[in-house]
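Please read this briefing alongside the sequence and the model.

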Amino acid sequence: MPGVTNFRSIHTHGFVRVGAGTPAASAGDVAANAAGILALARQADGQGVDLLVLPELALSSYAIDDLHLQDALLDRVEAELAAIVAASADLRPVLLIGAPVRRNGRLYNTAVAVARGRILGVVPKSFLPNYREYYEKRWFAAGEGLHGLEMELCGQSVPFGPDLIFAAADLPDFVFHAEICEDYWAPLPPSTAGAMAGALILCNLSASNIIIGKARDRALLAAAQSMRAVAAYCYSASGPGESTTDLAWDGQAMIHELGTVLAESSRFGMDPELIAADVDVSRLRLERMRMGTFNDCAAANGHPETYFRTIAFRHQPDFADVGLRRPVARFPFVPADRAQLDADCYEAFNIQVEGLAKRFTATHGKTMVIGISGGLDSTHALIVAAKACDRLGLPRTTILGYTMPGFATGEETKGNAWALMKALGITAAEIDIRPAARQMLGDMGHPFAGGEPVYDITFENVQAGLRTDYLFRLANQNEGFVVGTGDLSELGLGWCTYGVGDHMSHYGVNAGVPKTLIQYLIRWCVATDQFDAATDEVLTAILGTEISPELVPADESGAIQSTESKVGPYELNDFFLHHVIRLGLKPSKIAFLAWHAWKDVDAGPWPAGFPAELRNSYSLATIRHWLEKFLFRFFTISQFKRSAIPNGPKVSGGGALSPRGDWRAPSDGNAKVWLDELAAALDGVEA
């Protein structure tokens with residue numbers, strides 16, 4: 001919101017706190033049900049919840065059968081609803097309350113939206129189950145097709161119908177839709193049209209008795225609907241307290257966003273329960289903007305926004321710091337869950353192997369040429385090439401590996417390079433580039449050739465360029481092609497020598513893999529016995545070495561050139577990269593998320609097997625410093641390199657930087673808009 005400057009507020013960054021409540025139910029004690037609803041509403045208010053979803057028919061009770069048709073009960077429902085509406089005037093959350101509502105000689109199973117002392121609207125259930133244990137058509141009328149109607153309820157004239165979405169006038173992207181239980185079991189749930197009409201939060205008020213396996217089915221439907229509709233999906237079902245004459249209840253509640261569960265209830269508890277999560281509504285809007293199919297589907301279905309009514313309300317957010325209630329991955333490319341990480345590594349590695357194998361057979365070449373430094377990237381490219389040879393039935397001697405020591409090459413990395421080539425059984429050789437580099441520097445009149453310790457970019461790139469030049473000529477000589485080793489992180493930062501340098505190859509096998517994932521891919525190869533014990537030993541040693549371009553000699557203290565001291569920690573840069581290229585988030589929001597992810601080393605899960613001694617935390621000031629560096633490098637000085645990169649497979653849903661695949665941008669752009677936005681948000685904020 002313009003004028004709002006509280007950096008630490010979730011509302012500043014496009015989040016809405018959504019809650020799902022399971023109050024204590026009863027077998028038709030309306031007053032007790034109302035008290036339970038209000039108790040949860042007050043609890044939600046204290047937790048900063050913006051929207052609270054309650055179960056189907058929570059006010060009357062669900063499993064009371066023909067009692068739904070008793071005027072005494074329905075009168076009491078309206079009286080208690082009026083009391084809840086009055087009490088809501090002092091409560092923060094918008095309430096979605098399940099209640100039976102009379103209109104025009106019919107009874108409807110509805111969701112009543114209540115905010116700040118006002119009934120915003122009444123949404124009737126569209127699809128009534130009347131099979132197996134369900135008899136809803138005995139009591140209720142279906143709401144499908146009842147568009148554009150009004151009704152009187154609790155002394156207010158309010159919109160009525162399934163054609164309603166609700167939007168906060170004072171909090172962007174806080175737009176929600178309600179459907180009821182059976183609606184999302186339909187082939188075309190009403191929430192699909194609601195989403196296409198503009199709702200970003202889809203809500204389901206449910207009773208849904210529990211039987212074996214049904215909780216899994218509900219979760220599957222909620223996750224799928226949130227992904228397909230590019231939305232959040234909040235589900236709340238009746239819990240213990242309902243009549244168990246013939247059925248039982250588990251109180252399942254869950255909140256999903258784009259297929260991922262953000263929060264879920266314990267189920268089968270005897271006490272009321274409230275879950276809450278911060279839904280990233282601005283991300284959902286951005287995702288819909290990016291995904292043209294979403295709008296195409298809306299067009300194919302007659303543009304639902306043209307017949308839905310948007311009910312505006314004033315939410316009155318206070319932009320307080322209420323923390324952040326959602327998981328934020330430190331490593332967006334590396335899942336913390338062990339099983340998911342294993343699956344991701346399996347897919348990533350095999351994508352790379354398949355891509356390289358296909359390209360090699362298409363070239364009709366005889367050899368793969370790779371420069372082996374003993375660092376992470378060339379190591380991973382080499383083991384991908386080795387596996388591609390195995391898959392194609394070719395001897396690993398097909399791979400020509402060259403270690404090319406320069407002025408700053410360390411004995412450890414050189415030794416690891418040789419050990420790895422020998423362990424894998426490839427054709428290995430060494431070319432010392434220093435004589436050629438001295439010749440070139442001398443021809444150029446560079447001070448280093450005269451004995452001066454000048455280690456500038458020319459000094460560095462003479463070495464990087466010579467290595468690549470040798471590789472290409474060796475490929476010519478041996479009827480092969482050059483396998484690129486540079487990774488996604490380096491492309492994002494522009495940390496590669498353009499043209500005749502590590503920027504160029506015949507096929508960039510690592511171009512879709514960030515640095516943080518490459519480390520885990522190598523660990524995965526060791527853990528899953530992709531190679532023999534000798535290879536595993538070398539791979540483990542390489543994982544423990546400092547990341548360095550090894551182009552500048554060690555200083556007087558013996559410290560080697562460190563990449564991360566120059567461009568920043570790769571774990572932060574990969575975090576920034578994901579949120580820029582995949583999500584398109586504002587820098588201030590990226591900083592907010594990075595701060596929550598990295599401020600406390602003991603908070604939140606780490607990827608399985610991540611060494612305790614390498615677990616870092618970062619202050620907001622440090623995050624801002626490196627984010628500014630990243631934005632400048634990414635938007636101002638690096639795009640021309642990405643506009644001319646070789647082919648390489650896209651690996652991660654987090655994105656790729658090929659102009660032919662996943663990222664298109666002007667080579668002469670600049671970072672001013674992004675740097676200005678970050679400064680406006682963070683200047684004056686206590687670090």
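Buried means under 20% relative accessible area, exposed means over 50%, and partly exposed lies in between (1.4 Å probe, protein chains only). By that scale aspartate 432 is partly exposed, with a relative accessible area of 31%. The model is predicted: local features need pLDDT of at least 70, side-chain atom pairs count only at pLDDT 80 or more, and totals for chains, interfaces and linings use all residues. Residues are numbered from 1 along each chain as its sequence is written, and side-chain values use heavy atoms, with hydrogens and water left out.

**Overall make-up**

- The protein has 20 helices and 20 strands, taken as DSSP runs numbered from the N terminus (helices H or I, at least four residues; strands E, at least two).
- Along the principal axes, the C-alpha atoms fill a box of roughly 100 × 55 × 45 Å.
- Of the 687 residues, 57% are buried.
- Among contacts (heavy atoms within 4.5 Å) with a separation of 6 or more, 75% are between residues 24 or more positions apart.

**Hairpin E12/E13**

- Strand E12 (residues 253-257) pairs with strand E13 (residues 260-264) in the antiparallel sense over four bridges; pairing requires that DSSP finds at least two bridges between the strands.
- Two residues separate E12 and E13 in this hairpin, and leucine 258 in the turn has a positive phi of about 50 degrees.
- Methionine 254 stands opposite glutamate 264 in E13.

**Salt bridges around glutamate 257**

- A salt bridge is a side-chain nitrogen of Lys or Arg within 4 Å of a carboxyl oxygen of Asp or Glu, and the count by this rule comes to 31.
- Glutamate 257 forms a salt bridge with arginine 283, with the closest N and O atoms 3.0 Å apart.
- That pair links distant parts of the chain, 26 residues apart: glutamate 257 lies in strand E12 and arginine 283 in helix H5 (residues 281-290).
- Arginine 326 also forms a salt bridge with glutamate 257, at 2.9 Å between the closest N and O atoms.
- Here the partners are 69 residues apart, arginine 326 being in the loop between strand E15 (309-313) and helix H7 (338-363).
- Glutamate 257 is buried because its relative accessible area is 2%, and arginine 326 counts as buried at 16%.
- Arginine 283 is buried as well.

**Other salt bridges**

- Arginine 434 forms a salt bridge with aspartate 432, with the closest N and O atoms 2.8 Å apart.
- Arginine 434 counts as partly exposed because its relative accessibility is 31%.
- Elsewhere, salt bridges that share partners join Asp71, Asp75, Glu78 and Arg102 into one network.
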